[in-house]
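Me: Could you take a close look at one part of this model for me, the open sheet and whatever packs on it? I'm new to this, so please spell out the terms as you go.

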Amino acid sequence: MHMKDGVLAEFTTPEFRNLVAQCIHCGLCLQACPTYDVFGTEMDSPRGRIALMRAASDGRLNGNELHQVFARHINLCLACLACQTACPSGVQYARLIEITKIALERRRRQGLIERVVRWIGLRQAMPHVDQLKALARLLWLYQASGLQHLVRRLNILPAGPLRAAEAILPPILPRKRDYSRPAPAFGKRRGKVAFFYGCIQEAFLGAVNEATIRVLQRNGFEVHFPAGQTCCGAAQLHIGEEALARDLARRNIEAFLADDFDAIIVNAGGCGATLKDEYVGLFRDDPDYAAQARAFSAKVKDISEFLAENLREQPRGIVSLRATYADSCHLRHAQKIVRQPRSLLRLIPGLDLVELRQPDRCCGSAGVYNIVHWETADQVLATKMADIAATGAEVIVITNTGCHMQLNAGVQKAGLNARVMHLVELLELSYQRGEL
Ligand code: SF4
Ligand code: SF4
């Protein structure tokens, strides 16, 4: 551990000190913060967390306080970045919370169970999509056999992380897709793109990936699936496994730069933010990879961003549904993609798009937050579901894997008569109906 006078080395760098100094304590970010909304306490607001970071940087927290008070309030941050958007001073909260969480995680003692769960989840399952798919098949059996229904009906699982994980399990649909060959463009070929199909999305929400591929094909793009691609590494990076995240990033960069694609398409806001923003930072000091990381990240496009620029086929089929769009935090606050998903939805004939009162409010998913901090996540979700219920929406449109799973669970908990669909699933539905 690199400590000077009891201060963690990460908090004494000029970068960290400058980032902290940008906050002028105005408090304009407070109302945007979901955890401030839940707890109403300054230390669970962005301003309070930055004050704690400043105290840590100045050496005003002793070791005990650092690991108890400081870590508790930092860990309760969803890293949703709503405060960054709200801040008039341009505080780069994303970088601040990343440095802080990684510094604390590196030094946190993990129990045996946590070490095993991490090893299985982060090292064995997520980087190996075939293993995740095998797990998804088992869980499909759990659902298809009626066991899930029984478990939920009898409320067998004790309140805690296991019940929280079970609650977000989406309905799993068996699917076959051959990734060894590109999917051809429909009609005149306009270009070739590479598809980043992800890990959880691919194993548990395969219909979203199918719709993404079809919509790209319909718009004249040949879709390639570079072999060797793997999980984006976001979950690993955000809980302090930087070396593993860098290894995954290197594998993705090599896989996707092996051919000259027009774009690298991603359909999950969280993964997209990592591929665009974090990879460059991961290789900042690596002369062998820095340029490649920049070249890779420059090609990454969220599907909504890409389609807004490249739509050739208008969706013509009528979809007479009332819908609302729940922004993905990492699409809206990190990638600044706000207009594009809405403009695509407005092209769908018959779709009645109703805005949420707080469309930019996090749903409480936030990586594994909804499992680790399930009680707080449940409160954040309840606020989101009340906002959704007030719109009377029959479809909740999302653009991120975590939101998809969390809002599915929210619909169940709130007893709403609504379904969660990715933007591309709705577009594909309209295309299909237009063919009839
Ligand atoms: S990232 Fe989200 S939860 Fe964390 S301080 Fe900012 S607004 Fe609050
Ligand atoms: S983070 Fe920005 S908005 Fe929040 S208190 Fe600091 S300067 Fe004000």
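Reply: Two strands pair if DSSP finds at least two bridges between them. Strands (E, at least two residues) and helices (H or I, at least four) are DSSP runs, numbered from the N terminus. One caution before we start: this is a predicted model, where local features need pLDDT of at least 70 and side-chain atom pairs count only at pLDDT 80 or more, while totals for chains, interfaces and linings use all residues. Residues are numbered from 1 along each chain as its sequence is written, and chains are lettered from A and ligands numbered from 1 in the order in which they are written.

Now the sheet: it is open, with four strands in the order 4-3-5-6 and parallel pairing. Strand 4 (221-224) and strand 6 (300-302) sit at the edges, each pairing on one side only. From one strand to the next, the twist averages 40°.

Look at strand 3 (residues 191-196) beside strand 5 (residues 263-266): four bridges join them in the parallel sense. Take F195, for instance; its bridge partner in strand 5 is I265.

And what packs on this sheet? Helix 12 (residues 206-218) does, touching strand 3, strand 4 and strand 5. Touching goes by contacts, meaning C-beta atoms, placed from the backbone, within 7 Å. The direction of helix 12 makes about 145° with that of strand 4. Such angles run from 0 to 180 degrees between N-to-C directions, using axes that are lines fitted to C-alpha atoms, for helices over the stretch in contact.

How values were computed
Contact = placed C-beta atoms within 7 Å.
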